[in-house]
Amino acid sequence: MTQSSPGGDAERALLSVGAARSLILDTLSPIEGWECVAVRAALDRVLARDVIAPCNVPAYDNSAMDGYAVRAADLASDAETALALVGTAFAGHPFAHTVGAGEAVRIMTGAPVPEGADTIVMQELTRREGEQVRVPAGLKKGQNLRRAGEDLAAGSIALAAGTRCGPAELGLIASLGIAEVVVHRPLRVAFFSTGDEITSIGLPLAPGKVYDSNRYTLFGALSRLGCELLDMGVIPDEAAALEAALRDAAQAADVIITSGGVSVGEADFIREMMARMGEVSFWKLAIKPGRPMAFGRIGDAVLFGLPGNPVAVLVSFYQFVQDALLKLLGVNPLPPAEHFAVRADFVLRKRPGHVEYLRGRLQRDGAELTVAMAGAQGSGVLRSMSDADCFVVLPEDCTAVQPGDMVFIQPFNGLV
């Protein structure tokens with residue numbers, strides 16, 4: 001990958017990706033409000049309070065495998081030991097007596113360790129002879145035991161506030177016998193597309209018009225975050241209509257997301273409206289695609305004015321908006337952006353001065369992963385996002401990529 005010195009004055013005036021992310025995230029704080037929900041309803045929700053373990057997990061010493069519960073003091077250090085079998089312990093049906101000298105109890109995985117025993121001998125290491133079991137030499141006291149409280153001690157924090165609950169977290173909560181948890185309320189997000197050329201799906205497409213895809217990609221991305229959505233449709237390029245839509249959205253939602261109308265054309269009103277109705281930080285970002293993006297507030301609502309091109313909408317959403325929404329939802333800490341290097345399987349020339357997000361597809365070349373471009377890379381070619389499984393992230397100083405060069409990729413898995 002060929003690199004160069006930074007670009008000219010125009011490129012240097014653009015705000016970097018890192019600076020833009022920091023400015024957005026430093027401005028935001030989690031929304032107020034919480035609710036108590038059943039464990040199954042907590043999937044993808046964010047904990048508003050710590051989950052405290054009311055009991056030990058495991059609740060008692062238990063066997064980590066099928067085998068025999070024995071007393072380490074009975075085992076010879078240099079020879080096989082024969083022990084008398086006195087019973088069996090099952091998960092849910094413990095052995096009710098004490099293991100005495102020279103005795104062993106057959107035990108199943110998860111069964112409570114009988115009183116008197118302190119070691120579990122793996123079944124595969126033993127020999128059964130009638131009512132005796134022969135145990136090899138060299139075993140250590142305490143092996144193959146899961147101690148009470150080993151996973152979680154009673155009174156400890158099982159899950160901290162700010163944790164987003166996935167399948168493992170639901171299982172952990174259930175393992176504590178907890179039926180309900182306190183989570184942040186859902187984030188209310190209003191979104192709409194702008195532009196006289198935009199036509200809603202299901203209507204005839206007149207000459208010079210295009211169907212609205214941005215509301216549907218945003219609907220999908222926002223739904224995965226569990227947001228409460230207010231789809232306001234398509235707003236024409238008319239100042240009065242945009243002002244009314246923004247005012248209604250600001251009263252109804254925590255966040256407003258628009259697509260289109262943030263550039264410098266005669267019909268691009270979003271930046272002007274934001275400045276007049278609230279506060280605006282407007283950036284031309286050092287990024288491709290997605291250079292024009294507005295961020296600010298109208299009343300108490302946070303506003304993101306995204307570009308109009310379909311790929312630019314998704315790049316902007318995943319590089320800036322998604323983490324901002326997670327912070328508003330109370331997620332702490334924010335998930336790190338996953339990047340790793342693979343070899344390129346494409347040729348590209350690039351102007352320095354901006355970070356470029358190509359849509360790529362990982363492929364295996366023998367034992368090594370490589371990445372190819374997923375079709376045409378224009379900012380209006382939404383097919384490239386559908387065919388891709390990663391972003392190829394080219395830094396500001398990159399000027400060219402040749403086959404075999406190492407490039408950084410950001411996998412879609414866990415991101416989109």
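Modeller: Leaving aside its neighbours within four places in sequence, I257 is in contact with V189, A190, F191, F192, L218, L222, F304, L306, F317 and V321; contact here means heavy atoms within 4.5 Å. The model is predicted, with local features requiring pLDDT of at least 70 and side-chain atom pairs counting only at pLDDT 80 or more, while totals for chains, interfaces and linings use all residues. Residues are numbered from 1 along each chain as its sequence is written, and side-chain values use heavy atoms, with hydrogens and water left out.

I257 also stands out in the largest nonpolar core, where I257, F304 and F317 touch the most other members among 48 residues. Such a core is a set of buried Ala, Val, Leu, Ile, Met, Phe, Trp, Tyr and Cys residues joined through side-chain atoms within 4.5 Å. Buried denotes under 20% relative accessible area, exposed over 50%, and partly exposed the range in between (1.4 Å probe, protein chains only). Helix α7, residues 310–328, gives the most to this core, namely twelve residues. At least three core residues come from each of domain 1 (14–33 + 186–329) and domain 4 (340–411). In soluble globular proteins, nonpolar side chains tend to be buried together.

The strands around I257 come next. Helices (H or I, at least four residues) and strands (E, at least two) are DSSP runs, numbered from the N terminus. In β18, I257 stands opposite F191. Strand β14 (residues 188–194) and strand β18 (residues 255–259) run parallel and are joined by five bridges; strands are taken to pair if DSSP finds at least two bridges between them. Strand β14 is also joined to β17 (residues 228–235), again in parallel, by six bridges, and S193 has V234 in β17 as its bridge partner. Strands of a sheet pair through backbone hydrogen bonds, either parallel or antiparallel. Because six of its seven residues are buried, β14 is largely enclosed by the rest of the structure.

Strand β17 also holds G233, which is buried at a relative accessible area of 14%. Apart from neighbours within four places in sequence, G233 is in contact with F191, F192, S193 and R215. G233 lies 60 residues from M293 in sequence, and their C-alpha atoms are 20 Å apart.

Helix α2 (residues 17–27) has V17, A20, I24 and L25 buried. Seen down the axis of α2, the buried residues fall within an arc of 120°, so they line one face of the helix; this arc is that of the directions from the helix axis to the C-beta atoms. An α-helix has 3.6 residues a turn, so residues three or four places apart point the same way.

The assignment for the protein chain gives domain 1 (14–33 + 186–329), domain 2 (42–57 + 157–184), domain 3 (62–146) and domain 4 (340–411), with bounds that come from an automatic or database domain assignment. Taken over C-alpha atoms, the centres of domain 1 and domain 4 are separated by 26 Å. Their contact takes 16 residues from domain 1 and 16 residues from domain 4. Between them about 1,300 Å² is buried, 67% of it given by carbon and sulfur atoms; buried area is the accessible area (1.4 Å probe) that two parts lose on being put together, summed over both. On the side of domain 1, K288, V311 and Q319 lose the most area to domain 4, together 40% of what that side buries.

K288 has a further feature: its peptide bond to P289 is cis, with omega near -10°. P289 lies in the loop between β20 (287–288) and β21 (292–298). A cis peptide bond also joins N332 and P333, with omega about 0°, and P333 lies in the loop between α7 and β23 (340–344).

Strands in the order β1-β28-β24 form an open sheet of three with antiparallel pairing. Its edge strands, β1 (2–3) and β24 (348–349), each pair on one side only. Two bridges join β1 to the antiparallel β28 (residues 398–401), in which A400 is the bridge partner of T2.
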